[in-house]
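Trainee: I would like a close look at one part of this model, the charged pairs and what surrounds them. Please take me through it in one go.

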Amino acid sequence: MAIPVRPLLPEDREWADRVLLDSWGGRAVALRGRLHDAGRLPTLVAGDRLGMATYAVEGDAADLITINAETPGQGAGSALVAALVDELGRQGVRVLRVVTTNDNLDALRFYQRRGFRLTAVWPGAVDAARRLKPSIPAVGAYGIPIRDEIELERPIDD
């Protein structure tokens, strides 16, 4: 059974801010040398708060800024990506980008299985991002030092 996805509602705001705090250390998300206030971005919610995704559209490209699933592996992330691709297609967006870090092997697998392709690696980008957001940890998943950003893209089909 498909998980329904909807826009964030005002009554979801407190929950969404808690998700951003727990998963991202707050609303500020550093990527590609910029800080994004994820709490001010368009947001999609999967099911009854099973997960959420924030994104930013600029011209004919969009960036998936955050994505979270309350229980990974249950389909919320997949539903969010599919719904976002549909929404962006309606807006005339041509490509969806996402940036993750070199330690995030689970994310690399997740995105590639959903049609994303590796397009860029920025060595040392996370080291630079720590100047914007010092709370970014030095060591991440699987004990891997977090140093680099990896960008993936997925075309939006007409």
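Mentor: Arg97 forms a salt bridge with Asp63, and their closest N and O atoms are 2.9 Å apart. A salt bridge here is a side-chain nitrogen of Lys or Arg within 4 Å of a carboxyl oxygen of Asp or Glu. The pair links distant parts of the chain, with Arg97 in strand S7 (residues 95-101) and Asp63 in strand S6, 34 residues apart. Strands are DSSP runs of E with at least two residues, and helices are runs of H or I with at least four, numbered from the N terminus. Both Arg97 and Asp63 are buried; that term means under 20% relative accessible area, while exposed means over 50% and partly exposed lies in between (1.4 Å probe, protein chains only).

This is a predicted model, in which local features need pLDDT of at least 70, side-chain atom pairs count only at pLDDT 80 or more, and totals for chains, interfaces and linings use all residues. Residues are numbered from 1 along each chain as its sequence is written, and side-chain values use heavy atoms, with hydrogens and water left out.

Asp63 also forms a salt bridge with Arg32, where the closest N and O atoms are 3.0 Å apart. Asp63 lies in strand S6 (residues 61-69) and Arg32 in the loop between strand S2 (28-31) and strand S3 (34-37), so this pair ties together parts that are 31 residues apart in sequence. The relative accessibility of Asp63 is 6%, so Asp63 counts as buried, whereas Arg32, at 30%, counts as partly exposed.

Glu151 touches both arginines. Its contacts (heavy atoms within 4.5 Å), leaving aside neighbours within four places in sequence, include Arg32 and Arg97. Others among them are Val98, Val99, Arg117 and Trp122. Glu151 sits in strand S9 (residues 149-155) and is buried, with a relative accessible area of 8%.

Side chains of opposite charge can pair when their charged atoms come close. The structure holds 12 salt bridges. Another of these joins Asp37 and Arg40, with 3.4 Å between the closest N and O atoms. Here Asp37 is partly exposed at 30% relative accessibility, and Arg40 is exposed, with a relative accessible area of 70%.

As for shared partners, salt bridges join Arg13, Asp17, Arg27, Asp37 and Arg40 into one network.
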